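Notebook open, structure loaded. I'm jotting down what I look up as I go.

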Amino acid sequence: MNHWKGLAVLVLVALVAPLTKVQSRVIDDDDDTTIVPTTPSGPPPFYKYALMARYIIHFNDWVSIATLSTQAAIEGYPFVSLKSLSDGPESNSTGIPYIYMTDMDVSGKDLLKDNRVTIMSTLAQSDYCKKRELDPQDPQCAKVIITGTFVKVSNTSEEYKFGQDSLFERHPAMRSWPEEHAFYVSKVEPEQIMVLDFYGGAHMVTPQEYFNPSITTMVNLDDYYKKASVIDVKNNVF
């Protein structure tokens, strides 16, 4: 029995290692392998650009969104605001930035005229950079900048329900937002994805790389193993 426990631990370590170092307590137990809660140690290596982009979009709750303003005093100027975000349930990353928008919003009005948009999200939105004494502008305080088109999701589609459920899971207050404001599920369809996470300049990630199924699997595994890890027991024999 100990042989199989040890083998299981090796398999799990092999899966987790490329993603993040999982910090956990070693529990001495002569009979059982123990599952204990763990704390994520941080994002993927800086040279995993597509994975870094997906990590930031999945684990952050909001983005800055830039539009071309339709306001009379600044018409045609870039305008930025903040929007809550979800790319899927906590355990099911899609990489698609879903946003709950209304045409009554300042940015929403801009997007009715021109649906070109840029969103940005950064590790500075968590305590990751602060704990490491990294200034938000430091390249090591990673950020992803996605430029593309802003699209209303058809409210008769399965995707609409998926996007709405994903947003409501992350942002429960949305459920009680005024119906008369006619909020709707929208998404950003990426055309250019830029990642800056280390010195030497930004790196471009293609949409194909960003949405690679293996990247999706890795993000979801990362999310799972941040909650629990299998701790090897002592005295295993191989």
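Predicted model: local features only at pLDDT ≥ 70, side-chain atom pairs only at ≥ 80, totals over all residues.

Started at Thr122: I find it touching Ile56, Asn60, Cys141, Ala142 and Lys143, leaving out residues up to four places away in sequence. A contact here means heavy atoms within 4.5 Å. Thr122 sits in strand E5. I looked up its burial too: Thr122 is buried, with a relative accessible area of 9%. The cut-offs are under 20% relative accessible area for buried, over 50% for exposed and partly exposed in between, with a 1.4 Å probe and protein chains only.

Residues are numbered from 1 along each chain as its sequence is written, and side-chain values use heavy atoms, with hydrogens and water left out.

Next, the whole chain. I count 7 helices and 9 strands for the protein chain; these are DSSP runs numbered from the N terminus, helices being H or I with at least four residues and strands E with at least two. Of the 238 residues, 42% are buried. Among contacts with a separation of 6 or more, 72% link residues 24 or more positions apart. The accessible surface is about 13,000 Å², and carbon and sulfur atoms own 57% of that (Shrake-Rupley method, 1.4 Å probe; for residues, only the protein chains shown count as cover).

Then E2. Which residues are on its covered face? I get Val63, Ile65 and Thr67 there, with Trp62, Ser64, Ala66 and Leu68 on the uncovered one. E2 runs antiparallel to E3, joined by 7 bridges, and Ala66 stands opposite Val80 in E3. E2 is also antiparallel to E5, with 3 bridges; there Ile65 faces Ile119. For the record, two strands pair if DSSP finds at least two bridges between them.

Last stop, H3, residues 106-113. Ser107, Gly108, Asp110 and Leu111 are buried in this helix. They are on the same side of H3 because they cover an arc of only 160 degrees around the axis, taking directions from the helix axis to the C-beta atoms. On the other side I see Leu112 and Lys113 exposed. What covers the buried residues? The cover includes strands E2, E3, E4, E5 and E6. I also checked the N-terminal end of H3: Asp105 caps it, with a side-chain oxygen 2.8 Å from the backbone nitrogen of Ser107.

Note on methods:
Polar contact = N/O pair within 3.5 Å; in protein donor to acceptor, adjacent residues only side chain to side chain.
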